[in-house]
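Colleague: I'd like to learn to read a model like this one. Can we go through it feature by feature?

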Amino acid sequence: MTPSQYPVPALWGRLGERLAGYFAAGARGITGSELVLSSRDGEEFGRLRVDGPEGARFEAGDVRATVERLASSRYRMLAGGAEVLAETAGSADAPEVRCGDHLYEARLGLVRNAAVAHSPVGSEAARVAGGLTNRSYEVFFDAGDEGSLPLAVFLLYRIVALRRRAFLTGAGGDASSP
């Protein structure tokens, strides 16, 4: 699939406008596998269900997407049956992510519980900052960049999954490679 074939649905654009570059995520339940997403004014607008290193499901009104792990240990996001974004190169903590015609360079900081992605021109497209306990996050994205909201959701999933894997490894649990 060529870069121009990666669609960013209009629904993502409307959601991005509504959120105006920010949302918060808070873990629900004891396992924290479901994150409740809320806007700047505290209004709940969606959920991200983390299925571990295998992927996640995102729902926000009419916007639905899944993140899935590919055989190559890379990830992609699908919405409406179309690939919205995909990791194209890099490592687990420094992937290159293509969304639409844009290639973003991401960095995931396990210790800092944070992730950031920069656009091809070097500006910050998305940033995720988490609390120490892996239960609350603030997510910022460039509302003027059509790919930044799906990218922000993707980064949120990736940092939550990495932190969970690290916790399971430290506790002696099974932590399949991301």
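Colleague: Start with Tyr 75 and Tyr 157. Are they buried or exposed?

Modeller: Burial is judged by relative accessible area: buried is under 20%, exposed is over 50%, and partly exposed is in between (1.4 Å probe, protein chains only). Here both Tyr 75 and Tyr 157 are buried. Keep in mind that this is a predicted model: local features need pLDDT of at least 70, side-chain atom pairs count only at pLDDT 80 or more, and totals for chains, interfaces and linings use all residues. Numbering runs from 1 along each chain as its sequence is written, and side-chain values use heavy atoms, without hydrogens or water.

Colleague: Which residues touch the most other members of the largest nonpolar core?

Modeller: A nonpolar core is a set of buried Ala, Val, Leu, Ile, Met, Phe, Trp, Tyr and Cys residues joined through side-chain atoms within 4.5 Å. The largest one has 47 residues; Trp 12, Phe 23, Leu 48, Phe 58, Met 77 and Leu 156 touch the most other members. Helix H2 (residues 148-170) is the top contributor, with 12 residues. Helices (H or I, at least four residues) and strands (E, at least two) are DSSP runs, numbered from the N terminus.

Colleague: What is Met 77 in contact with?

Modeller: Contact means heavy atoms within 4.5 Å. Set aside neighbours within four places in sequence, and the partners of Met 77 include Trp 12, Val 67, Leu 85, Pro 150 and Phe 154.

Colleague: How many aromatic pairs are there?

Modeller: Rings of Phe, Tyr and Trp (its six-membered ring) pair if their centres lie within 6.5 Å; planes under 30 degrees apart are stacked, over 60 edge-to-face, the rest tilted. The structure has five such pairs. Trp 12 and Phe 58 are stacked, because their planes meet at 15°, with ring centres 5.3 Å apart. They link distant parts of the chain: Trp 12 is in helix H1 (residues 10-19) and Phe 58 in strand E4 (residues 55-60), 46 residues apart. Trp 12 is buried, at 2% relative accessible area. Phe 58 is buried as well, at 2%.

Now back to the two tyrosines. Tyr 75 and Tyr 157 have ring centres 5.7 Å apart and planes at 65°, so they pair edge-to-face. Tyr 75 is in strand E6 (residues 75-79) and Tyr 157 in helix H2, so the pair ties together parts 82 residues apart in sequence.

Colleague: Which residues of H1 are buried?

Modeller: First, the general idea. An α-helix has 3.6 residues a turn, so residues three or four places apart point the same way. In H1 the buried residues are Trp 12, Leu 15, Gly 16 and Leu 19. They line one face, because they fall within an arc of 100° seen down the axis, the arc being that of directions from the helix axis to the C-beta atoms. The face turned away carries exposed Ala 10, Arg 14 and Glu 17.

Colleague: How many salt bridges are there?

Modeller: The rule asks for a side-chain nitrogen of Lys or Arg within 4 Å of a carboxyl oxygen of Asp or Glu. That gives 11 salt bridges. In one of them, Glu 87 meets Arg 158 at 3.0 Å, N to O. This pair links distant parts: Glu 87 is in strand E7 (residues 82-91) and Arg 158 in helix H2, 71 residues apart. Both Glu 87 and Arg 158 are buried.

Colleague: Which residues are linked in a network of salt bridges?

Modeller: Arg 28, Glu 34, Glu 44, Arg 47, Arg 49 and Glu 59. Within it, Arg 47 bridges Glu 44, with the closest N and O atoms 3.0 Å apart.
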